[in-house]
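The following note is intended for a colleague who is new to this entry.

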Amino acid sequence: MKLKGRSYKNNQPIEIVIDGEQIKSKVPCNEQLPDHFILGPGFTDIQVNGYGGVDYNEIYDEPVKLTSISRLLYKEGVTTHLPTIITNSTEQITKLIRQVISLRNADEQAKWSIDGLHIEGPFISPVDGPRGAHPKEFVRAPDWNLILQWQEVAEGQIKIITISPEWENSNTFIEQCLKNNILVSIGHTCATHQQLQDAVSAGACMSTHLGNGMHPMLVRHPNYLWSQLADDRLKTSIIADGFHLPAEVIRVFKKVKEDKIFMVSDSVSLAGMPPGDYDLHIGGQVTLTKEGKLHLRNNPSIFAGSANHIKHGVEFLINQNLATLTEAWEMASIRPQELVFPGNKTFQSGGKADIICVSVNDGMLEVIKTIKNGKEMYVKGN
Ligand SMILES: [Zn+2]
């Protein structure tokens with residue numbers, strides 16, 4: 001298969017030859033191509049709770065229902081995602097992991113898109129504010145034996161775990177994760193400066209959705225926000241849906257973190273659904289506005305998760321002049337890829353052919369074609 005378009009990197013015409021699952025070559029070409037037809041790496045979203053009416057945090061009679069998430073995300077340019085399972089009882093987390101694995105084993109399109117699992121909790125802060133919407137009754141201290149059990153059920157697919165290092169045994173836990181190739185991210189935390197520094201020295205290398213999952217009012221300093229911003233060893237994910245973080249906060253985070261910042265959607269089941277009032281199994285009575293803000297029905301100031309896909313984040317950064325198209329695209333693709341899958345040659349010869357063709361008009365991205373492992377997973381109009 002051959003693809004021609006302008007490179008997302010410099011707008012120059014390129015030709016990509018795909019052989020099997022891989023990019024065989026990517027070279028400049030001297031054809032006249034339309035200005036707005038752009039080729040780039042598919043998006044990678046390492047925090048997806050749900051999408052299009054279903055959620056990885058619910059058990060279904062027919063787990064295959066969840067395959068719709070991968071298919072709907074291909075339509076939005078996401079070629080890789082990590083289902084994210086949040087704080088719950090140990091038995092329920094086990095069941096939810098088993099459900100994702102059976103889904104991967106039953107459906108090839110889902111298997112290709114799901115390249116691991118992100119476990120967010122239950123080893124987070126029990127404190128109101130930092131804990132966010134995670135149920136307090138199931139929050140607990142890090143337990144390596146549980147991870148061993150879960151990783152066995154997950155057939156080795158657990159790639160990231162988000163914890164708070166405020167628990168006493170955090171550092172040994174982090175070291176064990178590292179030895180077993182599980183990336184440790186800091187999130188939903190109330191840890192002290194010292195605890196955070198120790199956690200990073202032990203191997204924690206990322207902050208989960210920095211700026212969210214925090215107290216509404218914070219001691220001016222020291223606090224866990226400054227500590228994580230100041231530590232150059234920490235990369236950070238942000239939710240750039242336009243609601244979770246004001247543009248000026250993203251601007252500051254970007255200045256401080258430079259190329260160590262990237263995007264996640266943190267989407268929940270109502271992402272990709274029409275606006276309206278919904279009764280959710282997780283989250284209760286909520287309202288999804290036409291602008292895409294998801295809040296508790298009786299309190300518009302409390303978020304009920306994110307209802308946007310990662311492409312929306314790319315558009316938000318471009319339209320707010322927070323990033324160029326190239327940088328915003330990399331924040332949703334190459335940067336998370338390099339963090340979670342080091343060694344993958346993303347959008348390079350010899351790498352997996354995970355490519356999207358996008359039409360860009362007035363800061364809006366329309367996916368024309370999504371290619372995963374060299375195969376067309378979505379073509380506009382088909
Ligand atoms: Zn969270």
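1. The lining of the second largest cavity draws at least two residues from each of β14 (261–264) and α9 (310–319). The share supplied by α9, three residues, is the largest. Helices (H or I, at least four residues) and strands (E, at least two) are DSSP runs, numbered from the N terminus. A cavity is here a set of points, on a 1 Å grid over the protein atoms alone, where a 1.4 Å probe fits but cannot get out, and lining residues have an atom within 4 Å of a point.

2. The model is predicted: local features need pLDDT of at least 70, side-chain atom pairs count only at pLDDT 80 or more, and totals for chains, interfaces and linings use all residues. Residues are numbered from 1 along each chain as its sequence is written, and side-chain values use heavy atoms, with hydrogens and water left out.

3. The second largest cavity contains about 50 Å³ of space. Among the residues lining this cavity are Ile-239, Asp-241, Met-263, Ser-306, His-309 and His-312. By class, its lining consists of five nonpolar residues, six polar and one charged. In this division Ala, Val, Leu, Ile, Met, Phe, Trp, Tyr, Cys and Pro count as nonpolar, Asp, Glu, Lys and Arg as charged, and the others, Gly among them, as polar.

4. How many cavities of 30 Å³ or more does the structure hold? There are two. For these volumes, grid points are joined across faces, edges and corners, and a volume is the space filled by probe spheres set on the points. The largest cavity has a volume of about 70 Å³. Its lining comprises 14 residues, of which Thr-189, Thr-208, Leu-210, Asn-212 and Gln-228 are the closest to the centre. Ten residues of that lining are polar, four are nonpolar and none is charged.

5. A zinc ion is coordinated at 2.1 Å by Glu-120 (OE), His-188 (NE2) and His-209 (NE2). Donors are N, O and S atoms within 2.8 Å of the metal (3.2 Å for Na, K and Ca); water is not among the atoms, so sites may look incomplete. Along the chain, the donors follow the spacing E-x67-H-x20-H. Glu-120 belongs to strand β9 (residues 117–120), whereas His-188 lies in the loop between β11 (183–186) and α6 (193–202); this pair links distant parts of the chain, 68 residues apart.

6. Buried means under 20% relative accessible area, exposed over 50%, and partly exposed in between (1.4 Å probe, protein chains only).

7. Strand β4 (residues 37–41) deserves attention. Four of its five residues are buried, and the strand is mostly covered. Strand β1 (residues 2–7) runs parallel to β4, joined by two bridges, and Ser-7 has Leu-39 of β4 as its bridge partner. Strand β19 (residues 355–361) runs antiparallel to β4, with five bridges between them; here Phe-37 stands opposite Ser-359. Two strands pair if DSSP finds at least two bridges between them.

8. The whole structure contains 20 salt bridges, each being a side-chain nitrogen of Lys or Arg within 4 Å of a carboxyl oxygen of Asp or Glu. One of them joins Lys-254 to Glu-327, with the closest N and O atoms 2.9 Å apart. This pair links distant parts of the chain, Lys-254 being in helix α8 (residues 247–257) and Glu-327 in helix α10 (residues 325–331), 73 residues apart. Lys-254 is buried, with a relative accessible area of 13%. Elsewhere, salt bridges that share partners join Lys-4, Glu-15 and Glu-31 into one network.

9. Lys-4 lies in strand β1 and Glu-15 in strand β2 (residues 13–19), so the pair ties together parts that are eleven residues apart in sequence. Lys-4 is partly exposed at 31% relative accessibility, whereas Glu-15, at 17%, is buried.

10. Lys-4 also forms a salt bridge with Glu-31, where the closest N and O atoms are 2.5 Å apart. Because Glu-31 sits in the loop between β3 (22–28) and β4 while Lys-4 is in strand β1, the pair ties together parts 27 residues apart in sequence. Glu-31 counts as partly exposed, at 37% relative accessibility.

Terms used
On a 1 Å grid over the protein atoms alone, a cavity is a set of points where a 1.4 Å probe fits but cannot get out, and a pocket is an open set with protein on both sides within 12 Å along at least five of seven lines; lining residues have an atom within 4 Å of a point.
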